[in-house]
Amino acid sequence: MPARKKLTPSNNPHKGMDVPALTSSFVNHLEYSLAKDEYTATALDHYKSLALTMRDLLFERWIDTMQTYYKKPSKRVYYLSLEFLMGRTLGNAIINLGIRDEVEQALAAAGLSLGELEELEYDAGLGNGGLGRLAACFLDSMATLAIPAYGYGIRYEYGIFFQRIRGGEQVETPDPWLRYGNPWEIERPEFLYPVQFYGRVERRTAGDGSERVGWVDTSDIMAMAYDTPIPGYRNDTVNNLRLWAAKSTRDFDLSYFNHGDYERAVADKVVSETISKVLYPNDNIFEGKELRLKQEYFFVSATLQDIIRRYKKTNGDDFSRFADQVAVQLNDTHPAIGIAELQRLLVDREGVSWDTAWEIVGKTFAYTNHTVLPEALEKWPVDLFGRVLPRHLEIIYMINHLFLEQVAARFPGDAARLGRMSIIEEGENRTIRMANLAIVGSHAVNGVSALHSQIIKRDLFRDFYELWPDKFTNMTNGITQRRWLASCNPDLSNLITSRIGDGWVTDLDQLKQLVPLADDPGFQAEWRAVKRRNKERLAGYIRSTAGVSVDPASLFDCQVKRIHEYKRQLLNVLHVIHCYNRIKADPAAVVVPRTVIVGGKAAPGYHMAKLIIRLVNDVANTVNDDESIDGRLKVVFLANYTVSLAEKLMPAADLSEQISTAGTEASGTGNMKFALNGALTIGTLDGANVEILEEVGADNIFIFGLTTDEVEATWRDGYDPWSYYHADAELRQILDMISSGAFSPGDPGRYRSITDALLHHGDTYRLLADFRAYVEAQDDVARLYHDEQEWSRKSILNVAGMGKFSSDRTIREYARDIWDTKPVPVKRG
């Protein structure tokens, strides 16, 4: 009998992707992976079986990709982010494998619906908003561009909270996204790293007379890897997202157990594993701050240990090529402790000299800033930091000392500049400025829109820009068109492809070919039909979840994003009340029917944001219950805004609200997603709105309000909110209604703190200054919506102008200008 050939991943026959092969794999997983048959299988079993079928296809390519990266050494990119807002994986995997039609056919033959199975997947809500969603888009683009890249973060057992609305108020409940398991991840117990906390620093003299530093008597937690495949679009590249879960160094203390103290026996395990239990908490209490710091260090330390392990596999103990083979991107300041940690690992553990290690660190790290608000820059109390990470505090002191010597030499006698640039902020309560550490320890610092990058050079980090002008650059954010058009809006995707081909899926600039079609009446009609179907689907969702019936023919006016005062959901509410008052004052007036849709989560400890949510709901109840309005105005708050909800909403939106105070939004990506799906934008000249205006043209966007310079002038020259109150009768009526309890008759003073913030406490975000311009822009919106041909034309031109805002373009720029890495295509045998 001939010897059997050993089947290994490298010579095992590739799985097929035609309908018969997919059907066979689906049935096999149902039987052999889930132990179910056609009589016992549930809908969830069908979802899991399909996920495992897709996972098989991804795993083949995953292994081939990893082998390719080792066979063709190239500089690898490590993207460190405390958040990855991945959403659902199934639909994205099917799109990127290029087999949606085949999957739908295979399921239809079994009497199953792909759409229904997709709805069973829990969102992987491992992020609070735009920061985490951007990271997810970047992973998609890095794989599609065949960039050898890895994402690193935390495998939170509970993601961002599940938002319920009770009595109009936000109520937070846990988000148990792992309740039914996660078929997409692979546990990697072989990659287990100790992460140290607390303890003390010990010095001793080695035999050669050199000083050795030890971090001893520490409390250790183990970080275990969980890997998720990230597929590129039809290119056989599958990159890796590695998330760390905290594991105790021991499951329980047997001595306590034997004496009957069972709770104390497992106490260490419970406390240790808290680190990866929940997406980092509200940091308004001391314990929350400590846990947040431990989370940040936990994932950064494990990641850098993993990176060094991988590097040493091919380079041994020679670190001279480390920065040529490793690029680490810090997604905001959360992973900035990595700068001190890599210095520690190189000096204390690998025996590299301080100066050589610091040179490696500086060439390895790059830092993306995501805020223009100084108060949002992360700082840690020195006392807390030194207790949790005593060795790192020493290292930061040394980094700061050497850095300030450099500054003093460049700007002699400028003590104020030294104080501003110091990593340590002096004062009664000394703090560590993590953004300053990130800038000092990185070779590149970038903003995320042209305006944002200008602001950080001119204002936020001006001193650093004057010291290192070449270190600062701009990388305007982008979104992946695979998820945010091809997957979430198949009708529009198919219509576009039928006219210009499908090249836009990997080259979004090809959407420019739609420009000549914008004046084609037939194409406009098809475009409107797609939008109408999407609106009907969303209307059905609203009816089933919010209990509100809305007219798909009405203008769908949408503002969905994290609830924050600077994003100015309150300005939207003021306009809703304005519309309501106008209809009440003139019931016979002809108005464009409007459905205002608001969604988003407020941080659990952010009282004003939660109060705004309640106001939206109270205004909605008043408007929707008023029969005299006759459906001409509806207001809906969609609870528990998630990636999967965004995928339903973006394709149906007519108007995109991007109305933050100019100079406060770093970029925004919701604006890009709405516009890519044909919504027109109403917005201020803030964040990426400025660049959207440049791309789509001033005639195809509704811009209003103060500019960044004008906002700054109000702070410099003085600002009187009462002047707007007295000068504008309609605004005065609106504010009086809110403060007097018109929308909360059972609790008249409920919203007085909102009007007090506007009138008595300075109107920080200049709502009153922008109110009249906003109303006038909304009037322009209504007039245009009356003209369906012209509205369609502008909608088409908005989509045609979105080429710049692909995350593929952003990642190409990072790879070229910051990471200095090139694609490594995967060729399968």
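N446 touches Q329, Y367, T368, N369, I456, T473, M475, Y814 and I818, leaving out residues up to four places away in sequence. The mean pLDDT of the protein chain is 94, and 95% of its residues reach 70 or more. Below are some places to look, grouped by topic.

**Two residues to start with**

- N446 sits in strand 17, which covers residues 445-447.
- With a relative accessible area of 0%, N446 falls under the 20% cut-off, so it counts as buried.
- K247 belongs to strand 11, residues 238-247.
- K247 has a relative accessibility of 26%, which lies between the 20% and 50% cut-offs, so this residue is partly exposed.
- Setting aside neighbours within four places in sequence, K247 is in contact with I221, M222, M224, Y226 and E273.
- Want to see how far apart two residues can be? K247 and Q658 are separated by 411 residues in sequence and by 42 Å in space, going from C-alpha to C-alpha.

**Zooming in on the strands**

- Strand 19 is largely enclosed by the rest of the structure, because 6 of its 6 residues are buried.
- Both faces of strand 19 are covered: L555, D557 and Q559 are buried on one side, and F556, C558 and V560 are buried on the other.
- Strand 19 pairs with strand 20 in the parallel sense, over 6 bridges. F556 has T595 of strand 20 as its bridge partner.
- Strand 22 (residues 655-658) and strand 23 (residues 680-683) run parallel and are joined by 4 bridges. Q658, for instance, has G683 in strand 23 as its bridge partner.

- How many residues of helix 23 are buried? The count is 14 of its 17 residues, so to speak a mostly covered helix.
- Helix 23 takes in residues 569-585, and at 1.5 Å a residue its 17 residues should span 24 Å. The end C-alpha atoms are 25 Å apart, which agrees with that expectation.

**A pair of packed helices**

- Two packed helices are described by the angle between their axes and the distance between the axes.
- Helix 18 (residues 450-460) and helix 28 (residues 708-717) pack at an angle of about 40°, and their axes are 13 Å apart.
- Helix 18 and helix 28 are therefore oblique to each other.
- On the helix 18 side, the contact is made by L451, I455, R458 and D459. Helix 28 contributes T708, D709 and E712.

**Where to be careful**

- Over residues 1-7, pLDDT stays under 50. For this stretch, the model has 4 contacts beyond four places in sequence.
- Where pLDDT is low, the predicted coordinates should not be read in detail.

Notes:
Residues numbered from 1 in each chain as written. Predicted model: local features only at pLDDT ≥ 70, side-chain atom pairs only at ≥ 80, totals over all residues. Heavy atoms only, no water. pLDDT = per-residue confidence, 0-100. Contact = heavy atoms within 4.5 Å. Helix = DSSP H or I, 4+ residues; strand = E, 2+ residues; numbered from the N terminus. Expected span 1.5 Å × (residues − 1). Buried < 20%, exposed > 50% of the residue type's maximum accessible area, 1.4 Å probe, protein only. Pairing = 2+ DSSP bridges. Axes fitted to C-alpha atoms, helices over the stretch in contact; angles between N-to-C directions. Parallel < 35°, antiparallel > 145°, perpendicular 65-115°, else oblique.
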